[in-house]
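Trainee: Could you take me closely through the metal site of this model and the residues that build it? I would like one connected account.

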Amino acid sequence: MNAAFDLVIRNARVATASDCFESDIGIRDGVIQQLGRQLAGGAREIDALGRVVTPGGVDAHCHLDQPMAPPVRMADDFDTGTRAAACGGTTTVIPFAAQVKGQSLRAAVDDYHLRAQGKSHLDHAFHLIVSDPTPDVLARELPALIREGYTSFKIYMTYDDLKLNDGQILDVLEVARRHDAMAMIHAENADCIAWLTRRLEAAGRTAPRFHAHARPMLVEREATHRAIALAELIDVPILVVHVSGREAVEQIRWARSQGLKVFAETCPQYLFLTAEDLGIDDSYKGARCVCSPPPRDKQNQQVIWDGLADGLFTVFSSDHAPFRYDGTEGKKPGGEEVPFQHIPNGIPGIETRLPLLYSEGVLGGRITLQRFVELTATNPAKAYGLHPRKGTIAIGSDADLVIWDEGERTVRNTELHHAVDYTPYEGMGLRAWPGTTLAGGEVVWDGRNFHPRQGKGRYLQRGRPSLLPQAPRSATP
Ligand code: URP
Ligand code: ZN
Ligand code: ZN
């Protein structure tokens, strides 16, 4: 007799963004078919008695195989990056198809599809990075790509090769408004950073720790305020990415108090690292934690926890930007210990994102289980047009699930699955780790072993971000 389901997860404590309930989960053809007690039999069954089951994580901000200027190269491609993601409970990734200045957006997207094709173990979509908003990009390419399902793009206020000026930002925000896309903004004041960097360099202050001196909180505060003002002018929602501390949070709270639709993202580095991780002396080892904005201090960590708990933050992402410490392609370009401003920015974290937040947030009593699900799965799926296929446990949703194991575990890079030679969280004691990750109903991580499904990860055509206002709004005010 044929089984009713391909797989049944029995006795789960199912957690969604709104509820927690005891249920079996019946899965067929990679999709959740039924929820309820005492479901009919499955060809395979997993007993989850007493264990929490959450939707697979949606990591809506990670960088995989993003083209870099030689000799720098990202350590993770779609194979190793999605392998690591799966072992950490993430089942959908949204990295970036980045436009290089002078390149068409379409060429960037086509190139990025080639990088993912046949490699990804997980379902994936792409944000765009718009670095060259030419008249053709604004009038034709970007609207066409949004219509095709690339319904979000990131813009930068810093980094010489990516940054847009205020006029250019207004131009692209207008496209986001007219065509219903989510604009993600990296908010740091480029001119202040350049000025401070020149001063530090002239004083011989070039060790990794001075990266944090060149990017103090005020450069993030000013740019966050400016991004909000530009969005207000266009009357369009924005999502401020990788918010690091109090002063930026205050700007976002103020914007919300004015009724402005400003969404916000934060990342593990702003909860678990401080500027001291970039070094308390001039050792080069701090290069491992060079990322932008830089981690701040304990007080700022608390502000970020508060924002996670009280609803200020919409999304919790990894901002996984994988560079090896040793060798010639990562933190030491060409094998050299370089001045801080030439250290590739970014840290790995795609595998540790969920275990860190589950351990210290949920089991540490700082956020509810529902809020954990909302921040790590449901809201990212809503913000980027993937909900309800992704980000929830519901009939008709993809069977992307995590069964959690609670118990002591120490983070060791040797046990992680990325291609980076370090983790910033080495030695941290955690209270939980995914015991099983299911992607499309298949066990991809069983708590000990990764089960490859290379090439089975699908490219996801995205819809309109459901966090955007409903009314069609064509004319700019
Ligand atoms: O330092 C960081 N965050 N690197 C990744 C690129 C970005 O700005 O998100
Ligand atoms: Zn950024
Ligand atoms: Zn990033």
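Mentor: Let us begin with His63 and Asp319, both of which are buried, that is, under 20% relative accessible area, where exposed means over 50% and partly exposed lies in between (1.4 Å probe, protein chains only). The model is predicted, so local features need pLDDT of at least 70 and side-chain atom pairs count only at pLDDT 80 or more, whereas totals for chains, interfaces and linings use all residues. Residues are numbered from 1 along each chain as its sequence is written, chains are lettered from A and ligands numbered from 1 in the order in which they are written, and side-chain values use heavy atoms, with hydrogens and water left out.

The zinc ion (ligand 3) is coordinated at 2.0 Å by His61 through NE2, His63 through NE2 and Asp319 through OD. Donors here are N, O and S atoms within 2.8 Å of the metal (3.2 Å for Na, K and Ca); water is not among the atoms, so sites may look incomplete. Around this zinc ion (ligand 3), four donor atoms subtend angles of 89 to 122°, which makes the arrangement tetrahedral; for four donors, that term requires all angles to lie between 85 and 135 degrees. Along the chain, the donors of the zinc ion (ligand 3) follow the spacing H-x1-H-x255-D. Since His63 lies in the loop between β6 (57–59) and α1 (78–87), and Asp319 in the loop between β15 (315–316) and α11, the pair ties together parts that are 256 residues apart in sequence. Helices (H or I, at least four residues) and strands (E, at least two) are DSSP runs, numbered from the N terminus.

The relative accessible area of His63 is 6%. Its side chain makes polar contacts with the side chains of Gln66, at 2.7 Å, and Asp319, at 3.0 Å. A polar contact is a pair of N or O atoms within 3.5 Å; within protein, one must be able to donate a hydrogen and the other to accept it, and residues adjacent in sequence count only if both atoms are side-chain atoms. Leaving aside residues up to four places away in sequence, His63 touches Met74, Phe96, Tyr156, Asp319, His320, Ala321 and Pro322, contact meaning heavy atoms within 4.5 Å.

The zinc ion (ligand 2) has Lys154 (NZ), His186 (ND1) and His242 (NE2) as its protein donors, lying 2.1 Å from it. In sequence, these donor residues are spaced K-x31-H-x55-H, and the zinc ion (ligand 2) is 4.0 Å from the zinc ion (ligand 3). His186, in strand β12 (residues 182–186), and His242, in the loop between β13 (238–240) and α8 (246–257), link distant parts of the chain, 56 residues apart. His186 is buried, with a relative accessible area of 1%, and His242 is buried with a value of 1%.

An oxygen atom of ligand 1 is 3.0 Å from a polar side-chain atom of His186; for a side-chain N or O atom of His63 the distance to a ligand 1 oxygen is 3.3 Å, and for His242 it is 3.5 Å. Taken alone, ligand 1 exposes 260 Å², of which the protein buries 94%; accessible areas come from the Shrake-Rupley method with a 1.4 Å probe, and for residues only the protein chains shown count as cover.

Key:
Four donors count as tetrahedral if all angles lie between 85 and 135 degrees; four count as square planar and six as octahedral if opposite donors are over 155 degrees apart and all others between 65 and 115; anything else is irregular.
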